Amino acid sequence: MTSVQAADSQSISAGTTAGITTKKDAENPQDRFLKLLITQMKNQDPLKPLDNAEVTSQLAQISTVTGIDKLNTTLQQLVSSADDGRSIEALEMIGHSAYVPGNSINFEGEGAIAGIELAQSVDKATVTILDSSGIAIRKMELGVQPAGVSTIAWDGMTDSGTKAAPGNYTFEVTAKQGDKDVKVNTLSFGTVNSVSHGEQGTFLDMGNVLGLVSLSDVKQVF
């Protein structure tokens, strides 16, 4: 047991440091340590004075603990500020449209758009539009596509030459670079109706089809 710890035990048993165990002291280890040190110095044996090296070591330890506590507090404040910043950013998106992960494409009678995301450029990409039964009604060849996010447009026409009925459809995309298949991330296009923020983060309400979408999943805003 260190000399400071011994003083801790002695002072508590003697009832001379009744305030040490209060909630305030428990929350501030530096103040608690200083009170213990003062008590020990008052009650030290003149024939066995306090060891300066040991006191210095104890002070270094308590300073480290206090520094870590302050660092944790600072980090929590930074995280909170970042969350507030993201919430403000999300609020500014209300009424705007965005690309988010998904494979739905909404046709309202005139035309429809969706998006794709590629990690690399490709020689060709093929888009297949499917109806609510999963039946392919239109296949479109896109040709060369660059890396990143790109828009695909559908005029609503089917392969049979007729116009599709307004409604929600789905789409699939395949891509190739030479003879190699390349992964494609499909993106749905929708409008941000409202924003909500909770313990799980900030979410955008993008309607009945797309539902709630995490702010971090937004690929592009218009």
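Modeller: A polar contact is a pair of N or O atoms within 3.5 Å; within protein, one must be able to donate a hydrogen and the other to accept it, and residues adjacent in sequence count only if both atoms are side-chain atoms. This is a predicted model, where local features need pLDDT of at least 70, side-chain atom pairs count only at pLDDT 80 or more, and totals for chains, interfaces and linings use all residues. Residues are numbered from 1 along each chain as its sequence is written, and side-chain values use heavy atoms, with hydrogens and water left out.

Biologist: Which side chain does the side chain of Thr-202 join in a polar contact?

Modeller: Thr-202 belongs to strand E11, residues 201–205 (strands, E, are DSSP runs of at least two residues, numbered from the N terminus). The polar contact is 2.7 Å, and the partner is His-197.

Biologist: Is Arg-138 buried or exposed?

Modeller: Buried means under 20% relative accessible area, exposed over 50%, and partly exposed in between, with a 1.4 Å probe and protein chains only. Arg-138, in strand E5 (residues 136–141), has a relative accessible area of 18%, so Arg-138 is buried.

Biologist: With which residue does the side chain of Arg-138 make a polar contact of 3.1 Å?

Modeller: Leaving aside neighbours within four places in sequence, Arg-138 is in contact (heavy atoms within 4.5 Å) with residues including Val-127, Trp-154 and Asp-155. The side chain in that polar contact belongs to Asp-155.

Biologist: Which strands stand at the edges of the open sheet of five strands?

Modeller: Strands pair if DSSP finds at least two bridges between them. The order is E6-E3-E9-E1-E13, with antiparallel pairing. Each edge strand has a single partner strand, so one side of each is left without a neighbour in the sheet: these are E6 and E13.

Definitions and conventions. Helices (H or I, at least four residues) and strands (E, at least two) are DSSP runs, numbered from the N terminus.
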